[in-house]
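I opened this model to look up its strand pairing, its core and its helix packing. My notes follow in the order I took them.

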Amino acid sequence: MRMILLGPPGAGKGTQAAVLSATLKIPHISTGDIFRANIKGGTPLGLLAKSYIDSGKLVPDDVTVDIVANRLKEEDCASGFIMDGFPRTVPQAVMFDEMLAKPGKKVEVVINITVEDSIIVKRLSGRRMCSCGRTYHIDNNPPKVEEICDFCNSSLYIRDDDKEETIKERLKTYHEQTSPLVDYYQEKGLIMNFDGSKPIDVTTREILDSLKNKLIDFED
Ligand SMILES: [Zn+2]
């Protein structure tokens with residue numbers, strides 16, 4: 001099954017992707033990971049991408065699409081993939097469709113995990129880290145003494161990414177980019193919406209149940 005996973009930061013997308021990948025036996029393709037691997041490996045595309053990133057520019061769509069195309073040529077993608085982090089924009093989605101159409105393929109389902117912004121802010125801004133590597137959450141996994149690590153007694157801190165203002169900024173960017181993308185796939189009848197504010201395993205079950213019904217259509 002060729003699948004795209006959409007969801008804001010803090011929606012539990014990584015966990016869902018891991019379970020779906022194991023259950024459906026198709027690779028989880030995180031474009032963030034591919035970029036890092038290409039840059040680390042010094043591939044021509046990696047070097048090209050790096051030149052944009054280093055000068056503070058966005059990597060152009062055609063470079064991103066080429067990097068994805070190379071990954072999809074690998075054998076493990078023969079029976080499908082779970083795409084995470086791509087496409088991010090409608091032009092990328094159009095290029096992706098064109099790329100898949102060459103060998104007569106297409107995106108079959110787009111899983112859209114939605115969570116209200118206020119819930120995401122609460123989830124992410126409650127995270128606390130310790131320099132010893134342990135992590136806490138003020139609601140779900142609090143330390144015994146407020147703001148102090150249970151193991152090493154150090155003061156806990158908030159990652160820059162988890163600061164409320166940063167989260168709100170990331171969510172704003174996400175919504176701006178993703179709304180047109182959701183519309184694009186909605187018009188193609190590919191969107192399946194799931195409520196990501198439920199416990200992660202409940203959402204996983206709902207996704208798998210819905211896919212089971214859809215899978216019957218894909219037996220080709
Ligand atoms: Zn500690």
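Entry 1, strand pairing. I started with β2 and β3, which run parallel and are joined by 3 bridges. The model is a predicted one, and I read every entry below with that in mind.

Strand β3 (residues 81-84) and β1 pair in the parallel sense over 4 bridges. Here Arg2 stands opposite Phe81 of β3. Strand β4 (residues 109-114) also pairs with β1 in the parallel sense, over 4 bridges. On that side I noted Ile4, whose bridge partner in β4 is Val110.

Entry 2, the whole sheet. What is the order of the strands in the open sheet? I read it as β2-β3-β1-β4-β7, 5 strands with parallel pairing. The edge strands are β2 (28-30) and β7 (191-195), each of which pairs on one side only.

I checked β1 (residues 2-6) and found it mostly covered, with 4 of its 5 residues buried. In β3 I sorted the residues by the way they point: Phe81 and Met83 go one way, Ile82 and Asp84 the other way. All four of these β3 residues are buried, and I noted that Asp84 is among them.

Which residues touch the most other members of the largest nonpolar core? That core has 32 residues, and the ones I listed are Met3, Leu5, Leu6, Ile82, Met83 and Ile111.

The axes of α2 (residues 31-41) and α3 (residues 44-54) come within 7 Å and cross at roughly 105°. I therefore put α2 and α3 down as roughly perpendicular to each other. From α2 the contact uses Phe35, Asn38, Ile39 and Gly41, and from α3 it uses Leu45, Gly46, Ala49 and Lys50.

I looked up α6 (residues 117-125) against α7 (residues 164-187): they pack at an angle of about 140°, and their axes are 10 Å apart. The two helices, α6 and α7, are therefore oblique to each other. The crossing of α6 past α7 is right-handed. For the contact I wrote down Asp117, Ile120, Val121, Leu124 and Ser125 in α6, which meet Glu164, Ile167, Lys168 and Leu171 in α7.

Conventions: Residues are numbered from 1 along each chain as its sequence is written. This is a predicted model: local features need pLDDT of at least 70, side-chain atom pairs count only at pLDDT 80 or more; totals for chains, interfaces and linings use all residues. A residue is buried if 20 or more other C-beta atoms lie within 10 Å of its own, exposed if 12 or fewer, and partly exposed in between; C-beta atoms are placed from the backbone. Two strands pair if DSSP finds at least two bridges between them. A nonpolar core is a set of buried Ala, Val, Leu, Ile, Met, Phe, Trp, Tyr and Cys residues joined through C-beta atoms within 7 Å. Axes are lines fitted to C-alpha atoms, for helices over the stretch in contact, and angles run from 0 to 180 degrees between N-to-C directions. Angles under 35 degrees count as roughly parallel, over 145 as roughly antiparallel, 65 to 115 as roughly perpendicular and the rest as oblique. A crossing is left-handed if the near helix is turned anticlockwise from the far one by less than a right angle, and right-handed if clockwise. Two residues are in contact if their C-beta atoms, placed from the backbone, lie within 7 Å.
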